[in-house]
Amino acid sequence: MSMIRTTKLLIGAMGAGFALPVLTTPAFAADAVTANAVKDCPMAQAPYSIDSPLIDVLINPAAKAAAAAELGESFTGLNPFLTGTKAPTFSAIVSLRGVFSSGQAGPPKDPALLARLDARLRQLPVSSADQLARCARYDHEPADPRPSGKGLHVLVFEKINGFLDVKSVGAAREALMGLAQENGWSMQVTDKGGAIRPKVLARYDLVVWNNISGDALTLPQRRALKDWVEHGGGFVGIHGAAGDPATFWDWYTDSLVGAAFLGHPANPQFRPATLHLEGEDPVTRGIPTQFAMTDEWYSFRANPRLKGVRVLATLDEASYDPPANLRMGADHPIAWKHCVGRGRAFYSAIGHPPSSFADANYRRMLTQAVEWAGKPDPGCAK
């Protein structure tokens, strides 16, 4: 698996600013574009705009020059953490609008200035070379993982184009492999988008999105995942699978996961908090109705309960004191499940520090979530 060393970005509220480390990333390599390059990524032909992934603006000289002309030093002086041009990079999960309208890079900019920049960007042509450059972070590699045993067939997906935290991904993978051994699951791990196709998915009962950050699937891969889930497949999302400041696939955010990330506390980033389980459910069976953990606690832009999910666990905000602009109030869901057509989806925002995967309560929740997502649920048979 190809991974890079990285440094964790401490994300405060959207609008409260980021604590940004210094990080340099290599520039986009034009010679990496070959005759076999991906050409069907979702935003290949989209107009440039202030809502484009920032990476797409950065790899086009004209778009980058337009942003510099309108925003001046606020743009040219961006922290290098935000300006990587080779995935995985944080620039794949933010947009100019997000960075400059919410105060992530200094005081929020005048909406009129941003509107002028947006209009200027939209006038730029999108050439075939631009399309190839945008699609360079996707792949059609013919990955062909196959279950190797009995029990549940679990595919763990780890293609990350956005923020990559090697320790978090590794700890989750290690925990899942241990749980697979304990419970007799047949598990395979892949970081290739080419594995998300009908022929491969048909072999599996569920997929686990292990801290996936950044848009990772081409258009055919998106269709394959959506069709497979809606026709009875299972999905388990862990932590960063719903932790991007900007997302570019509405079905994934709104229907599969059911919530959009707002932010998490910083200084300190990891805080002890009390969790409350809600009612009885097979996913939380045998877990105390109240327990404490230390983690990086996500807040969401809207309560996923409004989308009809079955909330399994909530956070007691008084126990970890989030800043005012991250407070969701007395009802702060942190883990939930729901039906997606005939399929099943579970998401847990727990799981940034490796210590979370050693917690007996969380290991039990993950085990039972995989068991639920991997088997037909009569309540999802529509």
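Contact here means heavy atoms within 4.5 Å. The model on screen is predicted.

**Helix 7**

Select residues 166-183, which form helix 7. Its 18 residues should span 26 Å at 1.5 Å a residue, and the end C-alpha atoms are 26 Å apart, which agrees.

Now colour the buried positions of helix 7: Ser-168, Val-169, Ala-171, Ala-172, Ala-175, Leu-176, Leu-179 and Ala-180. An α-helix has 3.6 residues a turn, so residues three or four places apart point the same way.

Show what these buried residues pack against: strand 3 (153-157), strand 4 (186-190), strand 5 (206-210), strand 6 (234-238) and helix 11 (360-373). Then step to Gly-184, which follows helix 7 and has a positive phi, near 75°.

**Salt bridges**

Select Arg-305 and Glu-278, whose side chains meet in a salt bridge at 2.7 Å, N to O. Arg-305 lies in the loop between strand 10 (299-300) and strand 11 (310-316), and Glu-278 in the loop between strand 8 (271-277) and strand 9 (290-295), so the pair ties together parts 27 residues apart in sequence. Arg-305 is partly exposed at 30% relative accessibility, and Glu-278 is partly exposed at 28%.

Next, select Glu-371 and Lys-375, a salt bridge with its closest N and O atoms 3.2 Å apart. Glu-371 counts as partly exposed at 21% relative accessibility, as does Lys-375 at 41%.

Finish with the network in which salt bridges with shared partners join Asp-144, Arg-146, Arg-197 and Arg-203. Within it, Asp-144 and Arg-146 form a salt bridge, the closest N and O atoms being 3.1 Å apart.

Technical notes:
Residues are numbered from 1 along each chain as its sequence is written. This is a predicted model: local features need pLDDT of at least 70, side-chain atom pairs count only at pLDDT 80 or more; totals for chains, interfaces and linings use all residues. Side-chain values use heavy atoms; hydrogens and water are left out. Helices (H or I, at least four residues) and strands (E, at least two) are DSSP runs, numbered from the N terminus. The expected span of a helix is 1.5 Å times one less than its number of residues. Buried means under 20% relative accessible area, exposed over 50%, partly exposed in between (1.4 Å probe, protein chains only). A salt bridge is a side-chain nitrogen of Lys or Arg within 4 Å of a carboxyl oxygen of Asp or Glu.
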